[in-house]
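Visitor: I would like to go through the packing in this model. Could we begin with the terms and then turn to the interior?

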Amino acid sequence: MRTLENIISDRGSKYAVSGGPCASEEEAKAFLKELKRNKKFAKATHNTWGLLTEDAPIKNDDGESGAGMVILRMLEREGLKGHIIVVTRWYGGKHLGGDRFRHVQDAVRTYIESME
């Protein structure tokens with residue numbers, strides 16, 4: 001599991017991104033359980049994620065409507081199968097509107113670049 005913390009900060013909201021090899025929805029649940037063993041991540045407002053398995057794409061918005069699809073689109077563009085990416089947000093008290101999608105994209109891009 002690779003985690004990059006404090007990569008984006010905007011109007012009080014803070015973002016982190018995590019990821020690792022993952023082949024199924026069961027493995028995704030185990031990955032999230034492991035991530036949330038860190039209390040900081042367990043207390044996050046949102047842990048949105050996407051995963052391209054051999055069978056089908058899987059995502060979870062965790063209350064951040066549309067964010068899982070943003071992650072899936074980026075995984076598809078990169079052709080990155082069998083690898084989960086989780087974007088974590090700690091809500092800072094101010095709504096970000098459409099900027100939240102840009103932050104999700106930036107977080108995923110930062111993670112993918114860190115793999116190279």
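Guide: Contact here means heavy atoms within 4.5 Å. Please note also that this is a predicted model.

Visitor: With that in mind, what is V104 in contact with, leaving aside its neighbours within four places in sequence?

Guide: Beyond those neighbours, V104 is in contact with A67, V70, I71 and V87.

Visitor: And which residues touch the most other members of the largest nonpolar core?

Guide: They are V17, I71, L75, I85, V87, V104 and V108, in a core of 19 residues. Two or more residues each come from strand 2 (13-21), helix 3 (67-78), strand 5 (83-90) and helix 4 (99-115).

Visitor: Which element gives the largest share of this core?

Guide: Helix 3 does, with six residues. Another core lies apart from this one; it has 14 residues, including L32, L35, L51 and V86.

Visitor: Changing topic: how many aromatic pairs does a search of the whole structure find?

Guide: The search finds one. F41 and W90 form this pair in an edge-to-face arrangement, 5.3 Å centre to centre and with 65° between the planes.

Visitor: What does the pair tie together?

Guide: F41 lies in helix 2 (residues 39-42) and W90 in strand 5, so the pair joins parts that are 49 residues apart in sequence.

Visitor: Are F41 and W90 buried or exposed?

Guide: F41 is buried, at a relative accessible area of 2%. W90 is buried as well, at 16%, because buried means under 20% relative accessible area.

Visitor: What sits over the ring of W90?

Guide: The charged end of K40 does, 5.3 Å from the ring centre.

Technical notes: Residues numbered from 1 in each chain as written. Predicted model: local features only at pLDDT ≥ 70, side-chain atom pairs only at ≥ 80, totals over all residues. Heavy atoms only, no water. Core = buried A, V, L, I, M, F, W, Y, C linked by side-chain atoms within 4.5 Å. Buried < 20%, exposed > 50% of the residue type's maximum accessible area, 1.4 Å probe, protein only. Helix = DSSP H or I, 4+ residues; strand = E, 2+ residues; numbered from the N terminus. Phe/Tyr/Trp six-rings, centres within 6.5 Å; stacked < 30°, edge-to-face > 60°. Lys NZ or Arg CZ within 6 Å of the ring centre and 35° of its normal.
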